[in-house]
Amino acid sequence: MHTLNIGILAHVDAGKTSLTERLLFDHGAIDRLGSVDTGDTRTDDGAIERQRGITIRSAVASFTAHGTRINLIDTPGHSDFIAEVERALEVLDGAVLLLSAVEGVQAQTRVLMRTLRRLRLPTLIFVNKIDRPGARDEDLLADIRRRLTPYVAPLARVTGIGSSDARVQPLGADPAAEALAEVDPDILAALVDGPDPTPDDLRKSLAARTADGSFHPVYFGSALGGQGVSDLAEAVTRLIPPAPATPGGEPRGTVFAVRPGPGGERIAHLRLYGGEVTEHQRLTFLRRGADGSTSRIHGRATHLSGPLTAGDIASLTFSTGLRVGDHLGEPTDRAPQFAPPTLETLVTARHPVEASRLRSALLTLADQDPLLHARPAAGGATTLLLYGEVQMEVLAATLVQDYGVEAEFEPGRVRYLERPRGTGEACADLPWHLGTRYWATIGLRVEPGERGSGGVFTYETELGALPRAFHQAVEESVHAGMATGLTGAAVTDYRVNLIRSGFVGPISTAADFRGLTPIVLRTALERAGTRLFEPCHAFEVEVPAAALAPVTALLASRGAEFTGTSGGETAWVVTGELPAGRVREVELRLPALTHGEGVWWSRPGGDRELDRPSPGHR
């Protein structure tokens, strides 16, 4: 029996969790259907998820169908948790992209399809809620071709759509012939020159083109009513091939989700690509730091949910804390590229006596999710990076329910960045520097690094010239010092070289190097100079034709740079880049300008240089 790891992805409220429940129930993995409304589903098992009726963290559930073990990964639908979705994509063999037959193609649906096509991940489209009033089929297929991808074909027919009598009739591969010809030259040649492709030719083409991510079969059904779900399960096992797995050799895998256990332990979900992991086996994980460094985490796998073989997913409790993104062996070539959060907020305890507990809780949460980037601030507060207001609300509820701490979040502010403008050097010789005695000699050169490199620390001195503890003190102090640049923003994409060093034994200590490094670093950074950048969001907005002029005028006045427009008599789609600080304003004004018909999507993208100072940044 082989294993498939399948993700269910969709816009919020399209029915992901309900589909997961139906698949598990129909194939005997659970004995009763859970409901999002009653809060008793298998995958949304967190208290906050059940209260809000949304998926916040990826969850895994398994069942067996047609001789295949399927691990289902139920992912969040809300855009604030897009990073959680992207983490799951790294470990998938294929995906089911879920649409509502009533709401149709929504903003997050388009975001997900772009990512799936970029990764060329085998993807089936499932149109849910065919038994709901207002459900559509032919019109929706036209929207899918226009707004998601033209390379689709329905493999089922719906009768009685939009009513409780809705039923699904499977179709063979024949209706997909013309659509397959768009991506398969052999099918195209057969249709043009003859003889016509046989049903077997079409079935093989359908499987091959779905497997390479160039074609997307469309199925219809209802997760609540059960219609069409068995056809979807059969198609998953038939059309999505398992990823290549290497049974022997050292184990290689990725931690893609971390959840707290009932006793306060940390439970990690691990996808294994090669080798095997058994309980109590000693493992070494690689962790990539935000500064570009790599550290190693050693420990033993405990409470492993069965032997883990290549191609499978299992949960395990590790004797040393793991976090999302840690790799067992070398990372895969599908490691996601996360756009960093652009909102920064200051978190304080509502009751001052709980300040230390709050900081400890936030640092624990950030260790599980490195994109939070928690760091201590003055007065017992903690600075966090976030994607949006919903994520902030969920964190506040988590702190109360899991840690018993009430926290107050300042309104999110845009996080600006600095990058070195040029090269600057500074040196300080022991034992005196700026009136302060440090038994250390340090020379540093600051220069621009490659875009996207974060921070890099290197040595031009002889590596053994300093004791290891002194080297480590300098490197850690450099990266900590770059958290605040010349304007107060964090510095990124820098390269710092240690060009001079010295100490006096046994007088010098690591504390001397930790104390002197920030002073030398600041001087070198001032001599290099920095450029200030503001984060931007890539956006896409669909508006009625009559609203095109006022909407583009609003975007232009708020600093948007346009990358494309397309449309016709009834609607237009505008794409571009907008400063992150203006996104919320545009979102609030869009309904009035479009009479409620505008559809907005944006996500963190690149950044652009600013003339300093910039008002309102920290």
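Analyst: Accessible areas here come from the Shrake-Rupley method with a 1.4 Å probe. On that basis the chain of this predicted model has an accessible surface of about 26,500 Å², 50% of which belongs to carbon and sulfur atoms.

User: What share of the residues counts as buried?

Analyst: A residue is buried when its relative accessible area is under 20%. Of the 618 residues in the chain, 52% count as buried.

User: Why is arginine 468 called exposed?

Analyst: The cut-off for exposed is over 50% relative accessible area. Arginine 468 has 72% relative accessibility, so this residue counts as exposed. Arginine 468 belongs to helix H12 (residues 468-481), and its C-alpha atom is 9.5 Å from that of alanine 510, 42 residues away along the chain.

User: What makes the buried residues of H5 lie on the same side of the helix?

Analyst: In helix H5 (residues 138-147), the buried residues are Leu140, Leu141, Asp143, Ile144 and Arg147. Their directions from the axis span an arc of only 160°, and therefore they sit on the same side of H5. Glu138, Asp139 and Arg146 are exposed on the other side. The cover over the buried residues of H5 includes helix H4 (107-119), strand E5 (123-128) and strand E31 (530-544).

User: How do you know what to call the arrangement of H1 and H9?

Analyst: The axes of helix H1 (residues 16-26) and helix H9 (residues 229-239) come within 10 Å and cross at roughly 85°. Angles from 65 to 115 degrees count as roughly perpendicular, so H1 and H9 are roughly perpendicular to each other. At this contact, Leu19, Arg22, Leu23 and Asp26 of H1 meet Val229, Leu232 and Ala233 of H9. By class, the contact of H1 with H9 has five nonpolar, two charged and no polar residues.

User: What is said of phi and of accessibility for histidine 595?

Analyst: Most residues other than glycine have a negative phi. Histidine 595 has a positive phi, near 55°, and lies in the loop between helix H15 (580-594) and strand E34 (599-610). With a relative accessible area of 72% against a cut-off of over 50%, histidine 595 is exposed. Histidine 280 also has a positive phi, about 75°, in the loop between strand E12 (276-277) and strand E13 (282-288).

User: Which kind of peptide bond joins glycine 194 and proline 195?

Analyst: Most peptide bonds are trans. The bond between glycine 194 and proline 195 is cis, with omega about -10°. Proline 195 is in the loop between helix H7 (185-193) and helix H8 (199-211).

Terms used. Residues are numbered from 1 along each chain as its sequence is written. This is a predicted model: local features need pLDDT of at least 70, side-chain atom pairs count only at pLDDT 80 or more; totals for chains, interfaces and linings use all residues. Side-chain values use heavy atoms; hydrogens and water are left out. Buried means under 20% relative accessible area, exposed over 50%, partly exposed in between (1.4 Å probe, protein chains only). Helices (H or I, at least four residues) and strands (E, at least two) are DSSP runs, numbered from the N terminus. The arc is that of the directions from the helix axis to the C-beta atoms. Contact means heavy atoms within 4.5 Å. Axes are lines fitted to C-alpha atoms, for helices over the stretch in contact, and angles run from 0 to 180 degrees between N-to-C directions. Angles under 35 degrees count as roughly parallel, over 145 as roughly antiparallel, 65 to 115 as roughly perpendicular and the rest as oblique. Ala, Val, Leu, Ile, Met, Phe, Trp, Tyr, Cys and Pro count as nonpolar, Asp, Glu, Lys and Arg as charged, and the others, Gly among them, as polar.
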